[in-house]
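Dear colleague,

I am handing over the structure we spoke of. Please look through it first; my notes on what was found come after it.

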Amino acid sequence: MTGNPQTNSPSTGRAPDDARNSGADSGARARLRTAVELGLPSTIADLCALVRIPSVSWAAFDPAHVAASADAVAALVRGLDVFESVDIVQAGIGPSSTGTSTELGQPAILASRAARNGRPTVLLYAHHDVQPPGKDEDWESDPFTPTVRGDRLYGRGAADDKAGVMAHVASIRALVAAVGPDFDLGIALFIEGEEEFGSRSFATFLDENREALRGDVIVVADSNNWDINTPAITTALRGNVTLRLTVRTLAHASHSGMFGGAVPDAMLATIKLLATLYHEDGSVAVAGLTSIDVPTPDYSEDQLRAETGLLPGVSPIGHGSILSRIWSQPALTVTGIDAPTVDNASNTLTPAITVRLSTRIAPGQSAVHAATAIETHLRENAPFGAVVEIDDVDTGEPFLVDTSGWAVTDARSAMTDAWGVPPVDIGVGGSIPFIADLVRVFPAAQILVTGVEDPDSRAHSPNESLHLGVFKRAVLSEAFLLGSLNDRTGH
């Protein structure tokens, strides 16, 4: 495997003539290009229909919407008329004492067709569930009313990851239009229904449907591109450790005037404990969390400010190149605090504070080891002898993609022809923990992490959007890749 997040510079401009003229617009690829362009209006219409379904998979939301989304996706997949089976499947989340699952995950779509005549099989993954929309007032248009403004389609899930679902559907449609429905490529399709809620049944789903999902190549369409003009293959992903931290100092609340100054309240202890997690420059100060040293493309502070909304006068944190801080160093974020609200604050010493911590860990580190390091730090640095409780720990493994296989070569060719410039190899600061499960179950498969997003997509945030030009090129890239795989023998 390689940890190098960049082999092609994003500033290389258009692809060399020999790359662009290597059959990109002749034969099957010309037919694929035409099919994608002719099918784009219906593809976008189908995407809009999916965006209208508020398929939030979190426990506090109505699961009927996720079920409706699964039905809609299954109908699209059945309409392709190329799969031997298309099913809506729910897998167990956890085993009971008798070995059977006690709770089912959200519905996923599973479809498959067998390869013929020595062709490979490709497993296409995306997810149809979405993040909660947040506050309606933070959106410029209703989050579940797909709205086009300029070159972008706005709506929750428009990019993450219903566009990934439609990239798979549209590329298969194009393949059928270009070569006919009786092609030899084997395809397994797995559209998950709970990625945004931790993929809790993912491992069980893989184990229970191992043969139907087995592929020589796995395409995970849930990542980013370098910008709206340059495609990317994600080669490095950080892992994650999330946990709930409770800090206690008192058996009950006490009057802050009568005892303040002598008795440490839980808020004071929590603030001091959280401060120990960081160096002065804002980088993570937890012993045992590791980094990797990899080259990164040029990425300026101005670009960081533009893409994140960093306010004037507020400085970036950390050290090293900006992309190394995001791709190959750990990061720790306090994502939530349960404490008295300002409106309901009374003059008391708070007995307990609860915090949600989210840590991104660098590729190459074990998530279990990282979790142990974080817990050790929190317990050893608790001020004033405060009682520290840690629970609800969740871990996800980081990932480094092996870029030496023929599937990556085919993907680079497909992207270069579709976009007009070669792809950039990138790292991503976020996590896709289930990839570790894919590697466990299918160790011989070549994994490609692609996507339809760009730096302005704002996935998970208000005003999430999809750049329609990026989407068209992403669909075309995958159609070219499927065409290449359909022509491949002796793999």
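Before the rest, two notes on the basis. This is a predicted model, in which local features need pLDDT of at least 70 and side-chain atom pairs count only at pLDDT 80 or more, while totals for chains, interfaces and linings use all residues. Residues are numbered from 1 along each chain as its sequence is written, and side-chain values use heavy atoms, with hydrogens and water left out.

Overall form

The radius of gyration of the protein is 24 Å, which agrees with the value near 23 Å that a compact globule of 491 residues would have. That radius is taken over C-alpha atoms, and the globule rule is 2.2 Å times the number of residues to the power 0.38. The C-alpha trace spans about 85 × 50 × 45 Å along its principal axes.

Of the 491 residues, 52% count as buried (under 20% relative accessible area, with a 1.4 Å probe and protein chains only). Among contacts with a separation of 6 or more, 81% are between residues 24 or more positions apart; a contact means heavy atoms within 4.5 Å.

Surface and charge

The protein exposes about 20700 Å², and carbon and sulfur atoms supply 51% of that area. The areas come from the Shrake-Rupley method with a 1.4 Å probe. There are 34 positive and 60 negative side chains, and the centres of the two sets lie 3 Å apart. Lys and Arg count as positive and Asp and Glu as negative, without His and the chain ends; each charge is placed at NZ of Lys, CZ of Arg, CG of Asp or CD of Glu.

Aromatic pairs

The count comes to 6 aromatic pairs (Phe, Tyr or Trp rings, the six-membered one for Trp, with centres within 6.5 Å; planes under 30 degrees apart are stacked, over 60 edge-to-face, the rest tilted). Tyr125 and Phe190 are an edge-to-face pair, 5.5 Å centre to centre with 75° between the planes. Tyr125 lies in strand β3 (residues 121–127) and Phe190 in strand β6 (residues 186–192), so this pair ties together parts 65 residues apart in sequence.

Tyr125 also pairs with Phe202: the centres are 6.1 Å apart and the planes at 70°, so this pair is edge-to-face. Phe202 is in helix α5 (residues 202–208), 77 residues from Tyr125. Tyr125 is buried, with a relative accessible area of 1%, and for Phe202, also buried, the value is 1%. One aromatic cluster is formed by Tyr125, Phe190, Phe202, Phe205 and Phe434.

Regards

Notes
Buried means under 20% relative accessible area, exposed over 50%, partly exposed in between (1.4 Å probe, protein chains only). Helices (H or I, at least four residues) and strands (E, at least two) are DSSP runs, numbered from the N terminus.
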